[in-house]
Amino acid sequence: MTNIAVIYYSSTGSTHKLAEAAAAAAEKEGAEVRLLRVAEIAPNGEAASRDGASDFQNATKDIPVVTLADLEWADGILIGTPVHFGLAAPQLMHFINSTSKLSIEGKLLNKAVSAFASGSAAHGGQVSAILALHNAITHWGSLIVSTGSTDPVLYKPKNGNPYGASAVVGGNPGQVPEENLEAAAFQARRTLEVASVIKTLDAR
């Protein structure tokens, strides 16, 4: 069985929705899946002060917080983030910055890793945030898994990004368009497929 970790940070629920869709798709395909959230680090509850954030944080408090052991366990990893000025959320980057020991020891080498993002505005930085995460994946020595443009779901009106699933939620945080969820599911299946191939080759 192939192990898939879906790791995300979400303050109001949009990225969480994408992560749930990815986790459900990988599990449906037979993977062992861990849905994991990144811990909040914003001082003085600043992240929770956003509209709907406090309710969302309370609703998802039982989802396990990701640890380095989860990364080591996983054969494939999907990483999700909201857009912060065209970059990944600081909370997620704080966790990624803690992975140096695993990376240097080669424990992230050849893992299949893919990234997805959500944001409030069209052209608001979803692609640049995904590509920024690709930089970290490269440093890990992992293999970047993009969505590409190889499935009909990616041509639906609210999709089209070949780097990773992304959502534009406007002023409706947590309300992710269905075709974006379908793209996240496709991305998870693709990541699982690549991870399974790598695992099979490593077992020889």
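User: How far apart are the end C-alpha atoms of helix H6, and what span should its 15 residues have?

Analyst: In this predicted model, helix H6 covers residues 126-140 and its end C-alpha atoms are 22 Å apart, which agrees with the 21 Å that its 15 residues should span at 1.5 Å a residue.

User: Which residues of H6 are buried?

Analyst: The buried residues of H6 are Gln126, Ala129, Ile130, Leu133, His134, Ala136, Ile137 and Trp140. They cover an arc of only 165° around the axis, which means that they sit on the same side of H6.

User: And what is exposed on the other side of H6?

Analyst: On that other side, the exposed residues are Asn135, Thr138 and His139.

User: What follows H6?

Analyst: Glycine 141 comes after H6, and the phi of this glycine is positive, near 80°.

User: Switching to helix H4, is leucine 92 buried or exposed?

Analyst: Leucine 92, which is found in helix H4, counts as buried because its relative accessibility is 1%.

User: What does leucine 92 touch, leaving out residues up to four places away in sequence?

Analyst: With those left out, leucine 92 touches Tyr9, Val38, Ile79, Gly80, Thr81 and Leu133; Leu133 is also one of the buried residues of H6.

User: How far is leucine 92 from isoleucine 77, C-alpha to C-alpha?

Analyst: Their C-alpha atoms are separated by 14 Å, and the two residues are 15 residues apart along the chain.

User: What about glutamine 91, buried or exposed?

Analyst: Glutamine 91 lies in helix H4, residues 90-96, and counts as buried because its relative accessibility is 6%.

User: Which side chain does the side chain of glutamine 91 make a polar contact with?

Analyst: The partner is the side chain of glutamate 40, and the polar contact is at 2.7 Å.

User: New topic: where is asparagine 3, and in which strand?

Analyst: Asparagine 3 is in strand E1, which covers residues 3-8, and at 13% relative accessibility asparagine 3 counts as buried, the cut-off being under 20%.

User: What does the side chain of asparagine 3 reach?

Analyst: The side chain of asparagine 3 reaches the backbone oxygen of tryptophan 73 at 3.2 Å. Not counting residues up to four places away in sequence, asparagine 3 touches Glu32, Trp73, Ala74, Asp75 and Gly76.

User: What lies over the face of tryptophan 73?

Analyst: Arginine 34 lies over that face of tryptophan 73, at 3.8 Å from the ring centre.

User: And how many aromatic pairs are there?

Analyst: The count of aromatic pairs comes to zero, under a rule that needs ring centres within 6.5 Å.

How values were computed. Residues numbered from 1 in each chain as written. Predicted model: local features only at pLDDT ≥ 70, side-chain atom pairs only at ≥ 80, totals over all residues. Heavy atoms only, no water. Phe/Tyr/Trp six-rings, centres within 6.5 Å; stacked < 30°, edge-to-face > 60°. Lys NZ or Arg CZ within 6 Å of the ring centre and 35° of its normal. Helix = DSSP H or I, 4+ residues; strand = E, 2+ residues; numbered from the N terminus. Buried < 20%, exposed > 50% of the residue type's maximum accessible area, 1.4 Å probe, protein only. Polar contact = N/O pair within 3.5 Å; in protein donor to acceptor, adjacent residues only side chain to side chain. Contact = heavy atoms within 4.5 Å. Expected span 1.5 Å × (residues − 1). Arc of directions from axis to C-beta.
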